[in-house]
Amino acid sequence: MKTVLITGASRGIGAAAAQLFANRGYRVAVNYHRSRREAEALAGELGGIAVQADVSDAAQVQKMVDNVLEKFCQLDILVCNAGIAQQKLFGDLTDADWRHMFGVNVDGMFYTIRAVLPHFIHNKAGRIITVSSMWGQVGASCEVAYSASKAAVIGLTRALAKELGPSGITVNCVAPGVIATEMNAHLDASALETLREETPLGAIGTPRDAAESICFLASEAAQFITGQVIAPNGGLVI
Ligand code: NAP
């Protein structure tokens, strides 16, 4: 049975991915930061485990990965999904805003990948799936810190794919468009309607839409794909 660790899986896209992986026969480790109740309920329902860590804290991440390896004795897939967003004018961003964004969205990925890598290299196998955003591809006004952090995720993915290919490890990225999760709870109905109208496929994405791309990249069907960005975005960014 293949095993997967998903960061930020207490809700939204991460939870939908956990659900899909479990439905397809994977053992799932559900990482959370604050939403313990939700993560434990989901892990219980899926027959997996819930593992706490703030991904921006290297020591907590190492402890989490050690814990997963101890419980599962193996790890085949890592999904780096945990992320935060913030809307602010560039001129209003504080040092703390910037550091927090990069701490979770970029450092978090670095720490998590670094912690699982010795295991993947030892096995000469492994799948790493990073979660960026369409704003990491084209940039968003009033979301410069978020866009820059998500562009960094794409750069990390491409470079690491080249470095890890010879070790039998693939590294790919999912860059979703607008997905209906708590991350977009600040958008009112008219803003969502405008985004829907601007989307060629005429819909706001569901967490499942993004989760399907994640699961595809972890599947046998994607064995010859590495360093790529898949964009479940309804055509909003082409
Ligand atoms: P969400 O509903 O806000 O969920 C965010 C998840 O990340 C939660 O499980 C949260 O866990 C976790 N998280 C936040 N900070 C964390 C930390 N420091 N350490 C560990 N976990 C942390 O967001 P979502 O929409 O599902 O987003 C998931 C990913 O997709 C993010 O990387 C986001 O940037 C990306 N994305 C989303 C959209 C969209 O439209 N929704 C579009 C493009 C890309 P706790 O609740 O336990 O803190």
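Reader: Which residues in H4 meet H6?

Author: The model is predicted. On the H6 side, the residues met include Val144, Tyr146, Leu156 and Leu164. By class, this contact of H4 with H6 has 16 nonpolar, 2 polar and 1 charged residues. The residues in H4 are Trp98, Met101, Phe102, Asn105, Val106, Met109, Ile113 and Leu117.

Reader: Are H4 and H6 roughly parallel or roughly antiparallel to each other?

Author: The axes of H4 (residues 95-123) and H6 (residues 144-164) come within 8 Å, and H4 passes H6 in a right-handed crossing. The axes cross at roughly 20°. Angles under 35 degrees count as roughly parallel, and H4 and H6 are therefore roughly parallel to each other.

Reader: Which element supplies the largest share of the largest nonpolar core?

Author: The largest nonpolar core has 32 residues. Strand E3 (49-52), helix H3 (58-72), strand E4 (77-80), H4, H6 and strand E6 (169-174) each supply at least two residues of this core. The largest share, 8 residues, comes from H4.

Reader: With which residues is Val68 in contact, leaving aside its neighbours within four places in sequence?

Author: Val68 is among the residues with the most contacts inside the largest nonpolar core, together with Leu5, Met64, Phe120 and Ile128. With those sequence neighbours left aside, the contacts of Val68 are Leu5, Ala29, Ile49, Val51, Cys73 and Leu75.

Reader: How many residues has the second, separate core?

Author: The second core is separate and includes Val4, Ile13, Ala16 and Val28. Its number of residues is 31.

Terms used. Residues numbered from 1 in each chain as written. Predicted model: local features only at pLDDT ≥ 70, side-chain atom pairs only at ≥ 80, totals over all residues. Heavy atoms only, no water. Axes fitted to C-alpha atoms, helices over the stretch in contact; angles between N-to-C directions. Helix = DSSP H or I, 4+ residues; strand = E, 2+ residues; numbered from the N terminus. Parallel < 35°, antiparallel > 145°, perpendicular 65-115°, else oblique. Left-handed = near helix turned anticlockwise from the far one by under 90°. Contact = heavy atoms within 4.5 Å. Nonpolar A, V, L, I, M, F, W, Y, C, P; charged D, E, K, R; others polar. Core = buried A, V, L, I, M, F, W, Y, C linked by side-chain atoms within 4.5 Å. Buried < 20%, exposed > 50% of the residue type's maximum accessible area, 1.4 Å probe, protein only.
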